[in-house]
Amino acid sequence: MPFFTVIIPLYNKENFVRDAIKSILNQTFTDFEVLIVNDCSTDKSLEIASEFVSEKIQIIQHEKNSGLAATRNTGIKKATSNYVTFLDADDLWKPHFLEKIFHL
């Protein structure tokens, strides 16, 4: 079981999602899983997220657009760790973010 589950709610963030995922994969603390919950994006967000092949990343597809809260809740329900953190698809983490919050 990973220590952290990182949940990325995804809806129409094709210009940002690649960098958001890279910022997670470049963490110094590596005991995590990433759940990308696609909320029926209509742009190339899902296609870009699918380019990342890693055993750490799982993409979950909503059947219908449900909004941010429902997307986060889907991620929480699918998480396998005891600690959940969120990263919006248009945000970035510095490389030591997970390491720092691990020590808290």
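## Exercise 1: The largest pocket

The largest pocket is lined by Pro 9, Leu 10, Tyr 11, Lys 13, Asp 39, Gly 67, Leu 68, Thr 71, Arg 72, Asp 88, Ala 89 and Asp 90. The model is predicted, so local features need pLDDT of at least 70 and side-chain atom pairs count only at pLDDT 80 or more, whereas totals for chains, interfaces and linings use all residues. Residues are numbered from 1 along each chain as its sequence is written, and side-chain values use heavy atoms, with hydrogens and water left out.

Task: State the volume of the largest pocket, the elements that supply at least two residues of its lining, and the make-up of the lining by class.

Solution. 

1. A pocket is an open set of points on a 1 Å grid over the protein atoms alone, where a 1.4 Å probe fits, with protein on both sides within 12 Å along at least five of seven lines; lining residues have an atom within 4 Å of a point.
2. The volume, the space filled by probe spheres set on points joined across faces, edges and corners, is about 170 Å³ for the largest pocket.
3. Helices (H or I, at least four residues) and strands (E, at least two) are DSSP runs, numbered from the N terminus. At least two lining residues each come from strand 1 (4-10) and helix 3 (68-78); the largest share, 3 residues, is that of helix 3.
4. For the classes, Ala, Val, Leu, Ile, Met, Phe, Trp, Tyr, Cys and Pro count as nonpolar, Asp, Glu, Lys and Arg as charged, and the others, Gly among them, as polar. The lining then holds 5 nonpolar, 2 polar and 5 charged residues.

## Exercise 2: The nonpolar cores

Solution. 

1. A nonpolar core is a set of buried Ala, Val, Leu, Ile, Met, Phe, Trp, Tyr and Cys residues joined through side-chain atoms within 4.5 Å. Buried means under 20% relative accessible area, exposed over 50%, and partly exposed in between (1.4 Å probe, protein chains only).
2. The largest core has 20 residues, and those with the most contacts inside it are Val 6, Ile 8, Ile 21, Ile 24, Val 34 and Ile 36. Another core, of 5 residues, lies apart from it and includes Leu 35, Val 37, Ile 60 and Ala 79.
3. Val 6 belongs to strand 1 and counts as buried because its relative accessibility is 0%.

## Exercise 3: An aromatic pair

Task: Classify the geometry of the pair formed by the rings of Phe 4 and Tyr 83.

Solution. 

1. Rings of Phe, Tyr and Trp (its six-membered ring) pair if their centres lie within 6.5 Å; planes under 30 degrees apart count as stacked, over 60 as edge-to-face and the rest as tilted. The structure holds 8 such pairs.
2. The ring centres of Phe 4 and Tyr 83 are 6.5 Å apart and the planes stand at 65°, so the pair is edge-to-face.
3. The pair links distant parts of the chain, with Phe 4 in strand 1 and Tyr 83 in strand 4 (residues 83-86), 79 residues apart.
4. Phe 4 counts as buried at 4% relative accessibility, whereas Tyr 83 counts as partly exposed at 46%.
5. Both belong to one aromatic cluster, formed by Phe 3, Phe 4, Phe 29, Tyr 83 and Phe 102.

## Exercise 4: Positive phi

Task: Locate Asn 12 and Cys 40, and give the phi of each.

Solution. 

1. Most residues other than glycine have a negative phi.
2. Asn 12, in the loop between strand 1 and helix 1, has a positive phi of about 50° although it is not a glycine.
3. Cys 40, in the loop between strand 2 and helix 2, has a positive phi near 65°.
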